[in-house]
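Open the model in your viewer and keep the selection tool at hand. The stops below go from the whole chain down to a pair of residues.

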Amino acid sequence: MLERLKLRARALLRARSLEAELDEELRYHLEAEAARFVARGMSPDEAARAARRAFGNPTQLKEEIRDGWGRRGLERLGQDARYAWRSFRRAPAFALTIVGTIALALGLNTMAFTIFDAYVLRPVAVRDPTSLYQVAWRDRAGSSRAFTWREYQALRTDRSALAESFAFRFLFTRMDSAPAFGQLVTGNYFSMLGVGAALGRTLVSSDASGPGDGSPIVVLSHDAWASRFGADSSIVGKTIRIRGNALQVVGVVAPGFAGLGDVPIDFWVPLTMNDALFVGDSLFGDVTHESIAVIGRLRPGVAAGQAEAWLASWLRARHADAREPDRPGSARLISRATGIELSPQFALFFAPIATAFALVLLIACANVANMMLARGLARQPEIGIRLSLGAARSRVLGQLLTEAILLAVPGALAGFALSRFTIGAGVRLMFATIPTELAPYLRIVPLAPDGRVFLFMLLASLASALLFGLAPALQATRPNIVQATRGDFESGYRPSRLRNGLVIAQVTVCVLLLICAGILLRGVGRLQRVDVGMSTHGVVRLDVNERAGARERTLAVLRAQPELRALAAASNPPFGGRYPVVVGGSASHDVRPLFYNFVSSAYFDLLEIPLVRGRRFSADEEREGAPVVIVSESTARALWPGRDPIGEQLRLAPESAGPRLATRRDAHVVGVVPDVALGTIIDPFEAPVAYYPSAPDHSGMALLARVTGEPEATMRRLDATLAQLAPGVVEDIHTLDVFVIGAVYPFRAAYWVAGALGAIALLLTVTGVYGVLSYVVAQRRKELGIRVALGAAASAIVGLVLRQSLRLCVIGLVAGLLLALGVARLFAANIVRLGTFEPAAFVGGALLVLVACLAAAYVPARRAGRADPMEALRSQ
Amino acid sequence: MPKKPSKIDLLQGTLDLIVLKLLRGGAANGWQLTQSIQAISRGVLDVNYGSLYPALRRLEARGWVTAHWAPSENNRRARFYELTAAGRKQLETERASWERFAHALGLILQAD
């Protein structure tokens, strides 16, 4: 194989010398043969003639040998390309339309693939990324668990599965009052990953190997250094404050590395700084406290599956004396070779998106295939003559396919440019449409194209060239010499089934995409209109860190502000994420899972959640954390059906109640509140919830302040005041409304994408239907002309053509509606607040496509109605 | 006049086998190969020169023979072909399959 390739390459590069070699070899043969004849007594001239006679035709022989070198194919390719170029020059509009259509669809797909590549396929810029795995495990209750410092030490020294490993912990905080993503890491982090410094140094082992190391230093990412510190070349040695701690910058990491995972990291701090950064959350003190994650390098020769099995048994041994729900359930190694691991779950999530994009490409290919079919009709006389003159079918096929590829290549190039543009515009659009408060949280990995993107483009363009080129080429070259000899090159060319199939497929996909967009749009609308059961407008949420006195000072400053109307606190503020779960029940009923939340006494009033029954928490209950509870209506209905829950006992299962709930395992129900939105906007509100009292100055409580004036401006003012009077305590400050907007945003984005894809699909379908009917009308010109000549009214002719397009459209519509129903079920199964059946989306999508198809069909139909009977009669 | 026994056309694909077999005895150039075939088959086999050279190039492309220029017996530059290890193996394979084929054909022709 290699030899042959070498010879081929030589044949191309040294064509001339190979030719000369062949000449010389053959000349030698003739001379030797002649010499033999001379030895038999012939004259030299005679001998030479005889030798040549015996030899045959040397030119033909050389041709044959050259064919073996594979040069004939290349010559043909060049010939085909020249031929195709000439034919495009003759019909530039046709070529441009095809290139444009392909560019649009390929561009969109390349854009999607570039994003997919950046997150899922591109290896992180570290040494040997494919051997990096994060150790994840879940307990029997299914909760995701982390590691203690001791466990990490044991895991690190036992090298059965992981040759080396580092521990880390995320730190989401603020740096210069802008949100910042940080990581606390062990000292071997950078050396293990093989990441160097652009400036100064990275962390080394002695910075964080165990308790006692703890030097207050920080390493910045290249991006953070450039964007937050203006690429200050004298940054090393300067001090920055994080959570009130003065940390000395020791270095800037080399560009191209921003941590493992899908969120770029701004800074790294030694893990031994944990106790200073997470006050009251000691890493080395409490041996049972799980707060760190572990990433390791798989030992060479150990498969990930083996390592997982080993880890599971290792965890079981370490947690042998744990209670049942805390026992290890499963261990998993998550590949950290790329930003996001391509797990089955992720593939499942990504598949519908990829399908939607691929469908648009398919529509575009169908469109182009139709145009090529139509053109095939126009060129049928030419192809027919070539075939009947003896051109091999494969030769004509090859030529038509060369044309398709020549159209796909510029299409791909233009598509690539388009993808660069749409990526840039998409990112800008995202930043422009997201609330400014949330913009700093939007982190996007670099979306530069790489080899994989180019390979994708190449394969996608070749595949589409085959898709849109092959079928029309096969159709056009269907041998039918009998008709050709009659001089009738057109009537045999009726690829109507294929063409109709393509139109039906287009309509189907178009309807499907538009209905999906409609469902998402309705979902967005419903989410925005949903009654969350409380008033979020004018409320500011503050998260403060746990440094000594931080909370007290914040509360004091806040209470002194004239803008403050009310102040409350909750361990799980609204829209801050799913509530934690505890198992509990009434004395007479079975236990069931309940969401729980710790709230201050002012919580319900501040959010304007009315009390249905009973009373609020008293100041004393709040301060003492008394064993009283306010339940949601759902809880009351579930646990005390038909009874007044006030005065009843809510009993928690001992093993599920954490330390904070331990003192309230038997709590008196003092009040009932309506079902309101919980931690997320998409989960159903009708869920059993138990609210326990807690003072605002308890650790872990988020503060809620109802303020006067424009909420966002007031929030900024509060933030500035706090930065002055209580510096380094605010971790996060936002209006509550922004959380609601943020929760709806992904659906809005999904709707935009689906809507854009649907619109493009519609555009392609309309042009497709128009194109097909134009050619059908052109093809049936004679027949229609005869009909007119026989007295058919123009309206009847128009109706005839419209009915034909309507038939295709309706078949596509029905198929699309059925598919959309399936997809809608899938949506509804995964996201509660999206409706399964959205009549408006279904009817709207179907009507839109129907009207668009009829409109596209109308123009060619009108043209058919004006068919000139004289022309038809003359041409027969 | 007794009819001269007509020459036999080569069976498809057997030329490769013949060339490989002849090269087993040592390097040879194209003309020598034609002479050998005629001499050994006692003039029965008619080698079309026009198919010998393409066959040689084909064998070369498959890596079964290599070629080099060397002076011939009459001191002219000629292209000499030599069997490679892969070619030797190919010869064994083809010889074995030819023998199986010939044996089977013999059985069929002898059967009554």
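The tour starts with how to read the model, then moves to selections.

This is a predicted model, in which local features need pLDDT of at least 70 and side-chain atom pairs count only at pLDDT 80 or more, while totals for chains, interfaces and linings use all residues. Residues are numbered from 1 along each chain as its sequence is written, chains are lettered from A and ligands numbered from 1 in the order in which they are written, and side-chain values use heavy atoms, with hydrogens and water left out.

**Select chain A.** Chain A has 28 helices and 22 strands (DSSP runs numbered from the N terminus: helices are H or I with at least four residues, strands are E with at least two). Its radius of gyration, taken over C-alpha atoms, is 37 Å, well over the 29 Å that the globule rule (2.2 Å times the number of residues to the power 0.38) gives for 876 residues, so chain A is more spread out than a compact globule. The C-alpha trace spans about 125 × 85 × 50 Å along its principal axes.

**Colour by pLDDT.** This is the predictor's confidence in each residue, from 0 to 100. The mean for chain A is 83. Now select residues 484-493 of chain A, where pLDDT stays under 50.

**Select residues 564-570 of chain A.** This is strand β13, and five of its seven residues are buried (under 20% relative accessible area, with a 1.4 Å probe and protein chains only).

Strand β21 runs antiparallel to β13(A), and six bridges join them. Two strands pair if DSSP finds at least two bridges between them. Finish on A:Ala569, which stands opposite A:Leu703 in β21(A).

Key. Contact = heavy atoms within 4.5 Å. Buried < 20%, exposed > 50% of the residue type's maximum accessible area, 1.4 Å probe, protein only.
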